[in-house]
Amino acid sequence: MNETCKAVRIAAMARDDGEPSPLPVTDIEAHVQGCAACREAIGAGRVLHGRLASAHRRMPAVSLWPAIEQRVTSDRGGRWWAALVALALAYKLLELSPIDLGIGLKLVAVAIVVAGFVVLRANPFVMPAEI
Amino acid sequence: MDDATYVRRFQAGEHAAFRGLVENHQRPALAHALAIVTDVDDARDAVQDAFIDAYAALPRFDPTRRFYPWFYVLLRNRCFKLLAKRKRHAAVALPQLLSLPGSPDDARALHGALMALSAEERELVLLKHVDGLSYAELAERLEIPAGTVMSRLYHARSKLRARLDAGFEPVLKEEKP
């Protein structure tokens with residue numbers, strides 16, 4: 001098979017697929033008329049195309065949500081807790097430093113507690129009603 | 001509810017809306033992954049990992065785009081990563097992959113020829129001929145130019161036909177018009 005045959009076969013495939021052909025139809029037909037190998041290859045390609053087009057994918061009945069939900073929830077929680085731990089460490093370092101940050105340091109502590117509420121999505125200091 | 005609504009709700013902070021996207025697409029995603037990795041458990045892992053990737057990337061997703069073609073890129077990345085790590089050979093059984101009309105021998109022949117293709121070739125052939133994607137859609141999903149889609153498809157189909165001709169010539173010959 002030479003380069004012309006290959007170009008013609010690709011162009012014929014594109015045309016059969018309903019796509020713009022890289023070669024004019026007249027060029028494809030002129031070549032195919034004089035080339036038995038291309039005629040056969042293009043014909044066999046159409047048969048294969050027809051067989052594949054009649055196939056259907058099996059769509060398995062699955063429910064992946066429970067596993068995915070567990071993973072995204074733990075990922076999200078994990079990230080927030082990591083951020084909180086980093087914040088708490090930073091606070092401790094600031095507290096140990098000789099620099100007097102005054103009210104600023106207290107604000108950092110308040111920010112950590114507020115962030116804890118956000119992560120837990122509840123006030124951890126509220127006593128349950130049944131106690 | 002459509003994907004765009006789920007995406008917008010997710011981006012507005014309602015993370016539970018992600019469930020809708022999973023439920024809308026888990027079945028085709030599993031079918032697509034199975035055609036690449038050819039193992040049910042691996043396909044399930046790849047789909048789950050791809051949804052986790054999507055969850056992380058969804059805040060930056062352009063909601064005017066279609067969700068599944070974007071998700072498919074994540075999915076195939078996961079599938080090919082998994083294939084690169086996997087040492088063992090796996091070949092999914094035909095009834096789990098495709099429903100093929102015709103005689104069982106014909107179906108077996110085509111299934112065998114598809115399994116003999118590389119994962120990339122099988123993916124391309126099935127997306128084109130079974131799912132009916134255009135070259136432009138294939139180019140988007142596979143992140144390659146449309147011209148490359150055309151030449152890769154030509155080579156994959158030639159290989160598939162050669163496999164069928166070599167092992168199962170009578171089947172194709174009988175079907176010629």
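Predicted model: local features only at pLDDT ≥ 70, side-chain atom pairs only at ≥ 80, totals over all residues.
Q: Which residue does the side chain of Arg157(B) meet in a salt bridge?
A: Its partner is Asp17(A), with 3.5 Å from N to O. Arg157(B) sits in helix α9 (residues 146-175) of chain B, while Asp17(A) is in the loop between α1 (3-16) and α2 (25-34) of chain A, so this pair joins two chains. Asp17(A) is buried too, with a relative accessible area of 11%.

Q: Which residue does Asp131(B) pair with in a salt bridge?
A: Asp131(B) pairs with Arg57(A), at 2.9 Å from N to O. Asp131(B) belongs to the loop between α7 (119-129) and α8 (135-142) of chain B and Arg57(A) to strand β1 (residues 56-57) of chain A, so here again the pair joins two chains. Arg57(A) is buried at 10% relative accessible area, whereas Asp131(B) is partly exposed at 29%.

Q: Where do Asp105(B) and Arg108(B) lie?
A: Both are in helix α6 (residues 104-116) of chain B, three residues apart, which is about one turn of the helix. Asp105(B) is partly exposed, at 49%, and Arg108(B) counts as exposed, at 52%.

Q: How many salt bridges are there over all chains?
A: The count comes to 13. Some link up: Arg71(A), Asp49(B), Asp53(B) and Arg78(B) form a network of salt bridges.

Q: Now the cysteines. What is a disulfide, and how many does this model have?
A: A disulfide is a covalent bond between the sulfur atoms of two cysteines. Over all chains the count here is zero. Take Cys5(A): its closest cysteine sulfur, in Cys38(A), is 3.7 Å away, too far for a bond. Cys5(A) counts as buried, because its relative accessibility is 8%. Cys79(B) is buried as well, at 0%.

Q: Which residues touch the most other members of the largest nonpolar core?
A: That core has 76 residues, and the ones touching the most other members include Ile68(A), Phe18(B) and Trp70(B). Leaving aside neighbours within four places in sequence, Phe18(B) is in contact with Trp65(A) and Ile68(A) from chain A, and with Phe10(B), Phe51(B), Ala54(B), Tyr55(B) and Leu58(B) from chain B. There is also a second, separate core of six residues, among them Ala12(A), Ile28(A), Val32(A) and Ile42(A).

Terms used. Residues numbered from 1 in each chain as written. Chains lettered and ligands numbered in written order. Heavy atoms only, no water. Disulfide = S-S within 2.5 Å. Buried < 20%, exposed > 50% of the residue type's maximum accessible area, 1.4 Å probe, protein only. Core = buried A, V, L, I, M, F, W, Y, C linked by side-chain atoms within 4.5 Å. Contact = heavy atoms within 4.5 Å. Salt bridge = Lys/Arg side-chain N within 4 Å of Asp/Glu carboxyl O. Helix = DSSP H or I, 4+ residues; strand = E, 2+ residues; numbered from the N terminus.
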